[in-house]
Amino acid sequence: MIQTDGYMVIRNVFSAKEISSLRKTVKNHFKNQGLLANSGLTQPNAAVEVSDLGWLFYHPKILDVMRQLLGQEDIMFTSHCDIHCRTLSAWHKDDGMGVMEGGYFGFPAYDKEDCRVYKVALYLQDHAQNIGGLTVRKGSHKFAEVDKGEEVYIKTKAGDIVVFDVRLNHTGQQDILPFLWLEKPNFLLRKIMKKIFQTEAKQSKKYLKKLYEILFGERLSIFFTYGLPNDYTKNFSVNNMKRQLWQNKNANIFLSPATRQQFIKNNVLVAEEYFSELVNENKS
Ligand SMILES: O=C(O)CCC(=O)C(=O)O
Ligand SMILES: [Fe+2]
């Protein structure tokens, strides 16, 4: 259960056609946009910045899953969405404790039962035969320590989603070659490459990464977030939007009218109702 474990896997949410269309949209965006981050590219505030993704956020299956997990009809879209291409990762929480004082909730909310902000992790390729998908620490949404909790690697196929509490400890792909049996050889390979090609460690890492992408395709992912319509979700949304705006260095705050209209039509509340304070901040 998501309230005890802090995460839930839902299989076959998207069709092969939908995944292929999302891959196209994400790849196309990163052709000439995005920020360099974690050995790859990332686009914060993608619900606002990438208009072709709109349909994903009010997809009937996503709204069904969220209503079930949140246990009620009334749910709120936070306007959070990050998309990634080829990025690597390390253990962290998405509650903003590392980003601002008190995190996105304004204080450590690990013991709060009605703090229910859930993120969708959608990988646009299979991660069942490698360790490039999501690894979580079960139950770790209940405490502050990032290095505590039973480690679980979640095998996913393109079309599956993982929904997790934003306070949960998690990491994406950590090494350039995401295979458990290669943990030691990864290191040796880099050493050999350095000898043969006289390439520096950083350079040989880059070549290995490129080689992996040629063999297995580019690693693309989409993360987006909903919550119960309460103060926890509102604070998360406003403060997370601040983070997205800092990263983007621009002032695009609001969803397109078409996307907004679809949320209204589907009875989904939108956190951007509370973003007016951000407009004034961005002007000054
Ligand atoms: O790269 C991944 O798979 C994880 C990304 C992530 O944790 C995040 O965007 O917060
Ligand atoms: Fe994360």
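Student: Before the ligand, what counts as a polar contact here?
Tutor: A polar contact is a pair of N or O atoms within 3.5 Å. In this predicted model, an N or O atom in the side chain of histidine 84 is 2.7 Å from an oxygen atom of ligand 1.

Student: Which residues surround ligand 1?
Tutor: His84, Thr87, His92, Asp94, Tyr123, His170, Gly172, Arg219 and Phe223.

Student: How far is the polar side-chain atom of tyrosine 123 from an oxygen atom of ligand 1?
Tutor: For tyrosine 123 the distance is 2.5 Å. The side chain of histidine 170 also has an N or O atom 3.0 Å from an oxygen atom of ligand 1.

Student: Now the metal. What are the protein donors of the iron ion?
Tutor: The iron ion (ligand 2) has NE2 of His92, NE2 of His170 and two OD entries from Asp94 as protein donors, at 2.0 to 2.5 Å. His92, Asp94 and His170 are also among the residues around ligand 1.

Student: How are the iron donor residues spaced in sequence?
Tutor: The pattern is H-x1-D-x75-H.

Student: What is the geometry of the iron site?
Tutor: Irregular, with 6 donor atoms and angles among them of 53 to 165°. For comparison, ideal octahedral angles are 90 or 180 degrees.

Student: Is aspartate 94 buried or exposed?
Tutor: Aspartate 94 is buried, because its relative accessible area is 11%, and the cut-off is under 20%. Histidine 92, at 28%, is partly exposed.

Student: Is α8 enclosed or exposed?
Tutor: Largely enclosed by the rest of the structure, because 13 of its 18 residues are buried.

Student: What is found at the start of α8?
Tutor: A side-chain oxygen of asparagine 230 comes within 3.1 Å of the backbone nitrogen of tyrosine 232. After the helix comes lysine 249, with a positive phi near 55°.

Student: Last one, asparagine 12. Where does it lie?
Tutor: In the loop between β1 (7-10) and α2 (16-32). Asparagine 12 is exposed, at 57% relative accessible area.

Student: What is asparagine 12 in contact with, leaving aside its neighbours within four places in sequence?
Tutor: Asparagine 12 is in contact with Lys61, Gly159 and Asp160. Its C-alpha atom is 24 Å from that of arginine 116, 104 residues apart along the chain.

Conventions: Residues are numbered from 1 along each chain as its sequence is written. Chains are lettered from A and ligands numbered from 1 in the order in which they are written. This is a predicted model: local features need pLDDT of at least 70, side-chain atom pairs count only at pLDDT 80 or more; totals for chains, interfaces and linings use all residues. Side-chain values use heavy atoms; hydrogens and water are left out. Donors are N, O and S atoms within 2.8 Å of the metal (3.2 Å for Na, K and Ca); water is not among the atoms, so sites may look incomplete. Four donors count as tetrahedral if all angles lie between 85 and 135 degrees; four count as square planar and six as octahedral if opposite donors are over 155 degrees apart and all others between 65 and 115; anything else is irregular. Buried means under 20% relative accessible area, exposed over 50%, partly exposed in between (1.4 Å probe, protein chains only). Helices (H or I, at least four residues) and strands (E, at least two) are DSSP runs, numbered from the N terminus. A polar contact is a pair of N or O atoms within 3.5 Å; within protein, one must be able to donate a hydrogen and the other to accept it, and residues adjacent in sequence count only if both atoms are side-chain atoms. Contact means heavy atoms within 4.5 Å. A residue is near a molecule or strand if one of its heavy atoms lies within 4 Å of it.
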